[in-house]
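Student: I'd like to learn how to read a structure like this one. Can we go through it together?

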Amino acid sequence: MEAERLVGVSRRALAQSRGTPDIIAEAWQAQALAQAIGSRLAADGPKELRGEARGLSEIGGRSSGALDHPAARAGVARAAQLSELAEPRATLTGLGALLGEVGMALVGVACETDEQGLYWQCMEAIDAADESMDRVHGMLRRLDERDRERQQDLERGRGRDGPYGAYDALGGPTGPTATGRGRARLRE
């Protein structure tokens, strides 16, 4: 399944979670998904993202074990369905939103529980979601920087080219159309 679609499925599943076990399961799923997306971007993503993506993968791997849930013990992760990552920016934007929603849901669980163990599991998972979100935002910033640099390069290139093509060092047009325009001016 495409990464952006998989993030959407996870967001809907978290929104439909009813009660602590469901929220814990979806938090675990989100971290497994963060790990899978990080791994995919580290291997095949834009060069600018690879370091941060490795970090995201490591955080997701560490933190998915922090939550004690049957899905975690069985290793049944929705992230195993990840088949492609077509649009890094859209995927990262959705993943950042998912991780924020997971953090908020875990805060609710931690505030409502009387179990010390569950409370600390939630705290660790909140920290991991927060750290993962920082990595995601870092990658989005790198994509923005790359796009800005490309736009500036394009604008610099347009400054040298005119409506009729490239200009030479003296500021005059070059190429076959320039010669034709020069002759036309002489005839006038």
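Student: Let's start with Trp120: how accessible is Trp120, and what does Trp120 count as?

Tutor: This is a predicted model, where local features need pLDDT of at least 70, side-chain atom pairs count only at pLDDT 80 or more, and totals for chains, interfaces and linings use all residues. Residues are numbered from 1 along each chain as its sequence is written, and side-chain values use heavy atoms, with hydrogens and water left out. Buried means under 20% relative accessible area, exposed over 50%, and partly exposed in between (1.4 Å probe, protein chains only). Trp120 has 46% relative accessibility, so Trp120 counts as partly exposed. Tyr119, at 29%, is partly exposed too.

Student: How are the rings of Tyr119 and Trp120 arranged?

Tutor: A pair of aromatic rings is described by the distance of the centres and the angle of the planes. Rings of Phe, Tyr and Trp (its six-membered ring) pair if their centres lie within 6.5 Å; planes under 30 degrees apart count as stacked, over 60 as edge-to-face and the rest as tilted. That rule gives one aromatic pair here. The centres of the Tyr119 and Trp120 rings are 5.0 Å apart and the planes sit at 85°, so this pair is edge-to-face.

Student: Is Gln29 buried or exposed?

Tutor: Gln29 is buried, because its relative accessible area is 10%. Contact means heavy atoms within 4.5 Å. Leaving aside neighbours within four places in sequence, Gln29 is in contact with Val76, Ala77, Arg78 and Ala79.

Student: And what share of the chain's residues counts as buried?

Tutor: Of its 188 residues, 43% do.
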